[in-house]
Each structure stands twice: as structure tokens, then as C-alpha cells.
Amino acid sequence: MGQDDGLGLIFVHGFKSSPAMWDDFANLLAADTGLADVTQMRFQYATRLVEPGPLRRIPTFDTVADSLKEFVSTEAEGIPRLVLVAHSQGGLVVQRFLVRMLAEGRGRQLERIRRVVLFACPNNGSQLGLALRRWTLRSNPQERQLRPLDEQITDTQRAVLRDIVNATKTTERTCPIPFSVYAGETDNVVTPASARSVFPDAGALPGDHFTIVRPDSIRHRSYTTLRRLLLDAADASPPAAPRASSASVDAAHGISVPVEACSPERLGIHPAIDGSRGDRPGARKYVLPAFVARPHDDETRERLDGIVTGTEVGFILLRGGSCTGKTRSAYEAIKAHLGGWQMVQPRAAEEALALISRPRFTSRTVLWLDDIHHLLEGPAGETVAAGLHHLLDVPGPAVILATIWPGPYRSLIDTPPTDKPDLHLQARRLLRRARLVHVPDEFSGASLTALHREALSDASLAMALATTKEPGAICQTLAAGPDLLDHWRHATNPYGKALITAAADARRFGHRLPLDAALLRDAAPGYLSATQRADADTDWFEQGISYALQPVKQVASALRPVPRATGMGAVPDVYDLADYLEQTVARDRCTAPTSFWDSAVTCEMAPQSLRALAQSAQDRALYKHAALFLHRCLRHTDDSDDFVALGDFLLGRGLHDDAGRYMAAAAARGNAHAMVALGGIAQDREDLEAALRWHRSAWTHGNERAFFTVYWLLKKDEREDEAESWIRLKAGEWPDAARLLADLLAQRGQEEEAEEILWPLARDNMRRCRRDLISLLYKAGRTDRIQVLFTPLAAAGDENAREWLDTVRTWDEPAELDPATTSDSSPSTMYVSRRGQSFFLTHDEEHPLAVAMRQAEEAEASGRPEEAVAALRGVAQSTTHWPLLQRLSGLLEHQGCADEALGVWRLMMEDGNPAALEESVNVLERNGDADKAEDLIRRELLRGPADEKPWAADPPGLELLVRRLTAAGRQAEAEGLKTYGILPDGTTAPPWRLPAVPQAATDGPPAP
């Protein structure tokens, strides 16, 4: 580069960092003769966890962005071309700076910025330690904006995408600037999905959250990448604006066609039964019956009208079961209201991502996403969801029109428990912005009357009305849903039924991708009787597949071929299950034969499916198969999280030696969770020094909890001085460390120093620090000091300080009983039996449950048990009220009706209620059927949890079975059951071992 081609490079550091973090880059750049004319500048701003002094505060992103604005104006004055390079939080600061410049009408002043480069920037927020951060750093404005779903950051990114990344020209309010964003390959602080977000120029570089910006040589990929971008930016011409979108999209990524030219068959509308031919054989043809509108159709069209007349991208989501008319409703709505618009229909995640990441989504365009859950639940689901979410903020009018089933909608939109990973954060953000339209399963009222009227002239509707088994369930009958079920349940070909059932089980256990023929072939024998297997011809599989592919009502088949991603034809030996069967057969709670599980652990499939099947096996105490599924993941990926998942599973089974091998492999890849686990294993072996080394290593790799574990290990070993030195390392930054240090000092009688540590945090309303300080002073008899410290805060309006002062004053006062809190509960809220037992029932004395319980109590007391049973039986089918069901079950048992007593719990047991299972087992054992009780537990274990929602710990049935075996003196079997689980036939599994750790997995740095 010549002198006229001077380039300014501005580095922006991240959260709780400093300009010194750029030293490695700076030294390599300074020695690079090819970049001699690059002027390096480092922007610095205030960032830390907690400010201890009352005269200082942590600046917000807006304040830092304004500071960066002045830095660029003064320090970079006169430099014609600039590149902004930021790490982590610094990337959010840069984006905020650019957006605030545009908001002030200073877009033309940004023309000299030729590129923005972001390393490990949390564009979608950071989940790491979120719960701890929320509690300990609640007053830190920078931390709040690092959280997922932060409103200001989301708004900023919308503006960046709209007015910078996708801008076509420079104005006062827009300026095209290319963004290059990179994720760390092993970054566990900012996930790759968050770092890449939906920026079109996104990639990954070697390193974790910190080493990605610490290149150790000119050959390091982070350095060679930045060098290339700097040389590109040195071009004297301004950056080219993104190409304006056109009406067409590359064929490889879906084709834009006029809405009027879209065929219902192409859009995925199920063909209907042909009323003119019924079941007669002949060439299949696509039949679309007359359309009969329902109330939700009016709602869909009203929402479309609002989008057409506006300037935004709208998202309409039709939610309903399979074969309920969702897609037809959407088709009719766009055909009636979006004439002259274009339609784009991506067929796979790759096509959707290609469409989203390029500025091609024009106004007056429909993005058609039928069964969007298949996209969002897939491997690229979170990236697709983030892209669609940002697409909602580009200029319109345009519409994303999608359909979804109720079950996947719930699983995607529900917030997971705090102790579970959030797998669908971006999908949840997207779905919450949708304008939801509920599509009912049936026709009713005026729409059903209109349908009968149309059936007079429509043969398909007439046949549907004549053959439907449930009034109003016309859509399902039209799409042959009930006939598909009948085709499976009453199959004329047992091999076809076996293949369909195996496919349904694969779906039920989490295998969401297309099904390999080898899986179905190897699984089928377990679904067949001995006679059926013996009678099988050599071409039994071909016969079975032919039956499964046979069209029902000339409309749909149980299995269907999977089309190639591009070009013509189907993928050989790969099949998909019909939607209607997936929603019905696949959600039944039933057991699968050994052949299915053995086939699944040997069949080639993606890690996503292997992990899901492992969870399903674990939920059924099939621990050997669960371990094998997790082990097979290691053949497909070098992700340390997969090693940790297997290690965690083995630890839960008590197989510490085996777990240690996989945790060591993960630790060699820098996984902090694995290091913590290895520290725990060392603790169990009473190897304190090894435990300390592992936990220290985990802390250096980003695990904050490991820091505190080191402290407690030192304390437990009575190494007080070491413990104090260790906790002081972070006492000035972490409130929890400050609390521990203060507690340690207080135990030594150093109350004043403890107060000095806690007071700045307590003053800033760190609640736990405030509580600790008040407790410390109160125990020392220094209540006057509490008054001195907290009275000024209360006078200044601190309500919590005032409440503490009031509380302290009451601590030495004698407690008085409040008659209102000691009186008996009102009869209207309690049911009190004549035996003195009481329990909460209802606020209404005349509620049917309360009446039934009183009647049963009176009848039993009068020696009329049959009347007591009749009173309870009348309401038992409509309630899950536990005391009522227990009472009814007990009465039936007393009368010798053990089978009927067992039936009381059957419905709740069918729903997977473990408490109902235990009640059923108690009934059987009291009636001398201990073997039958054990068989029931084992059978329920194999059926798994209701709705396929994973158990939080070991299956409840396993603990129940272990207790029964122990009570029966079968201690060795009980111990083996806890460790090795059961087999698919329900018997206790013998000890098993996994294959060796893959050789590549053992490579890595030595243990600390």
C-alpha cells in the first residue's frame, strides 16, 4: 500500500477487558511489511463487574458508543479508510455506535469505514452463567445487555441489518458497510450460533473465547484472516453496496414465482379422496375439493390485510394438527388477498439460510414455510430461527406464512427449566413474534352447515361426509388420515405393518430425520410373531415396503420416498413417515422390541438423532443402549460436549473409571465441565491435590463455580491461609467471593475488615451481601452500627434498607401469636373426615367432590360400603383428586374387588403418572401378586414418560423397582439394576462395558 492508501485500524476490547488484549495482533501487524501503512489505534472504555465507590458507575452501551464516536472523530481524524475490529462485547459497542450515528443523520460520515470485523461477539446474547450473572451482577448495565433477548441489543441488530448490512446506498440514514463475523471453534462463552447470528459473511476460527484473538504466529488463521480483510479494505473505492434484490431467486435456493402461478400440490396441500372413483384402482390424480371457510380463515385474511397495507414484514403462523386444513387455509388466503405478489418456498434448511443471508427478500413477497417445526427442530434450526427473526425487521410489506403442529409448537416455545440447556432460544424468540391463528380439528356450526351444502355438488366432500367416523372431522377423512390408521392397524401384510411400526417408534424416540431402510429391515423381526418370521419369503422386505408405500384412497401412504435435495427422483433406500401417523401412532406409550434398539445402535445416523435416542433409552432405564448411542456420537464429531455427555451419563451410573476416560478426552479439548467432573472423581478417591489441580484448571477455562470449589476444598483441608489467599483473588470483583472472605474474617474475629468488604456491596443493594453484613453486626452485638449504616439509605428512599431496620428492631421483641394465623381452616376450604384426617379439597362445600366424599364417609360409617363405593365411583372418572381415589381404591379392595381397585389408577398410570404406578403396585402386593407387581413396574419403565418429556433424573419406576428388590432380599440385583439398567425385554441387564475411547479422542494436552 502506498501513502495515499493509508488505513486506520481501531481495536475495541470486550467485557471486563482492556486494550492490552490486542497485543498479540498488534505485534504481528507491526512486523508485517505488507501492512506498513496501517495505523493502529486502541479504544478503551470502563468495564468491570462491580464499582465499589459511590462516585463512580459502570457506563451503558449508549455511553460507550458515544465515547467511541468521539474517539473516531478525533483520534482517527484525517484517515481516509477505517476498519473496526472488536472482540466479544466490543462488537455490540461498535454496532451501537453505528446505529446511533445513523439515528443522528450522520450516515455519510460512516463512508470511510470500509469493514467491521467481529470476533466472538454475542450477537444473540451469552447463556454462560446466566443465572449467576443475573443475581450477582444485577446492577451492571453492561451485563444486562449481554443477556439473550435484550431489547436494546435486538433493536440495534435490526437496524444494523436493515440500514447497514442490507443497505443499497449511502444516505443520512443508511450506509452499506460489510461485516465479517467469526466464532471460536471451541468457544463455550459465546456459542457459534450467537456469534454468527445471520450475518452473510460468517465463519469460525480456531480457539476459544479468548485465544481466538491471541494469534501466536503469522500462520494463525485469526491473523491471516484479519490480514486478508485489511488488504481488501485498503482499496481506495468505497465498499460496494449489497446487490439489490430481484424478483427471482437462484434455483438452488428456491424459485420466486407469482402467487397466481403457485399450485396447491407444490405448496404441500394434501390431495383429497376422489369421490368419483372411491377406492377403484387406476392412475392417481390430484384432487382438490371445494373450499369451505371457517372462522379462523377470516382471522387469517384480516391479518394479511393488515400486512398488505403496512410497511413491515409480518409473520402469520397457523397452528393445528396434521390434516386439519392449515395449508389449504393459508393457500386460499394468499390467493384471495396477495395477487401480484411473489412466492418463495425453500425446501430445506440450506435453502432457507441461503435466502435469509442474502438481501433478496423483497417487498410484496411471501416466504412459504409449511410445517416450520421440521426446520426449527433440525440441526440448523437455531440459525434458521435467528435469520427469520431478523428478517421480520427488513422493510416490507412482505409476509412469512407458516404452519406448525401443536406438540412441536409447545416444545419450541416453552422455556426449559433452569437446570436444562436452552436448545430453542432463537425459535422461541421467533415464535413469540408470530401472529398466531389456531386451526381447529373439526368443522362445526355454520361452517359444517356450509360444508353439507357444498357436498351436494362436490363428490370428494360427499364421500368424506359419508365415511367420516366423527362428525366434523372432514379434513382428516379427506386426506385419508383415518384410513391410514386402518391401513396400519388392520394391515393385510404383516411385514408392512412391522416396517410402519418400526418407523413410528423411531419417530417416537426422537429420530426426526429420514429413515434408513437398513434400520427398518433390521428392526422388523421383533414386531413379528415366530410364525410370521418362519413363513417370510426371501423378498419379505420388498413386499413390506411395497405395502407401506401403497397409496390409501389414492391420496397418501404410510411411508413415502424422500426427494433428492436437488434434481429429480428420490433418495434410494430412505423413507419418511406420514405426518398423520407421526401425530397419532408415534405418540402412543408402548414398548419397542429388542430388535429395534439393537438395530438403532448399529445403524448410521446423524448425531442429532443419536442424542435423542440416547435420551429415550435413558428414560426407559435402557442404560446399555443409551451409552452405545452416546458413544456412536463420538464417531461423527470431535465436539467435547459429546464426550462430556457420555461421561456425565456414566458418572450417574456410578461407573467412575469409565466416565474418567471420556471426561479426560473432553478436558484435553479444553472443556471446563469435564475438568470439574474429573475434580469430583478425584475428590471421591480422596485425592485432594488432583482435585485442586482439576478445579483450578476448570476455573482458568472459564468455570466460575470451580473457583469456589477450590476455596471450599482448601477450607475442608483446614488450609485456612491458602483459602484466604485464594478467595482474595476475586473478592474485589465477585460479590460471592467477597461474602466468603468476609465470613472467613468474621470467624477469626476480624469483624471490622469483614464490614469493610461487605459494606460497598450492601450499600449498592446487593441483597445477600446486605443480609450477611446485618447478620454479622447483629451477632457481634453492634445493632447501633446497623442503624448508622442503613438509616441514611432508608432516608434516601431505599425501601429495602427501611425494611431491614424494621426487621432488626423486631428480632429482640417477644413474638405474639396472631389468632388469625392459628385458627382452624374454614370448612369451606378443608374436608375433615370423621376419622380426624383432613386435606384441602375445594372452596365450595357443594362441589361434587366434596359432596361425594361426605356421602361416602356417612355411608361407610353406617355400614353401607356399597353406597360409599357408588358415591365415589360417580365422580372418580372425572377427577385426579388423590384422597378420593385412594379412598375408592381402598373400599374396593376391602370388598375383594382388587382388579377394579387397580383400575382406579389405570387412567393416570396410562398418562405416565409415577405415583399412580406405585399405588397400583401397592394394590397388587397387598393382594399377594408380588410377581405381577414387579412385571408391571418393568413394563411401565419400558413405556417411558408421558409425552416423551425426559425425566429430570433416573426414571421413578427404577427407584420403585430397586426398593422392591431390596425389600425382597435381592440386594445384588438391585445394585446391578441401578448401574446397568434393564434390557428391552424387561429383564435386569448384566454388567456391560463400552468400546475404547476413539484414538483421536485421547490426543490433547496432559492433565493439569
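**Close-up 1. Helix α33 passes helix α34 in a left-handed crossing.** In this predicted model, α33 covers residues 720-731 and α34 covers residues 735-747. Their axes lie 8 Å apart, and the two helices pack at an angle of about 145°. On the α33 side, the residues to look for are E720, E724, I727, R728, K730 and A731. They meet A737, A738, L740, L741, L744 and L745 of α34.

**Close-up 2. Strand β10 is buried along its 5 residues.** Here we turn to β10, residues 365-369. Because 5 of its 5 residues are buried, the strand is largely enclosed by the rest of the structure. In a regular strand, side chains alternate between the two faces of the sheet. In β10, T365, L367 and L369 point one way, while V366 and W368 point the other way.

**Close-up 3. The neighbours of β10 are strands β9 and β11.** Strand β9 (residues 342-344) pairs with β10 in the parallel sense over 3 bridges.

**Close-up 4. Helix α25 packs against several other helices through its buried residues.** Within α25 (residues 594-602), the buried residues are S595, F596, W597, S599, A600 and V601. These pack against α20 (494-508), α21 (517-523), α26 (607-619) and α27 (623-633).

Methods
Residues are numbered from 1 along each chain as its sequence is written. This is a predicted model: local features need pLDDT of at least 70, side-chain atom pairs count only at pLDDT 80 or more; totals for chains, interfaces and linings use all residues. Side-chain values use heavy atoms; hydrogens and water are left out. Axes are lines fitted to C-alpha atoms, for helices over the stretch in contact, and angles run from 0 to 180 degrees between N-to-C directions. Helices (H or I, at least four residues) and strands (E, at least two) are DSSP runs, numbered from the N terminus. A crossing is left-handed if the near helix is turned anticlockwise from the far one by less than a right angle, and right-handed if clockwise. Contact means heavy atoms within 4.5 Å. Buried means under 20% relative accessible area, exposed over 50%, partly exposed in between (1.4 Å probe, protein chains only). Two strands pair if DSSP finds at least two bridges between them.
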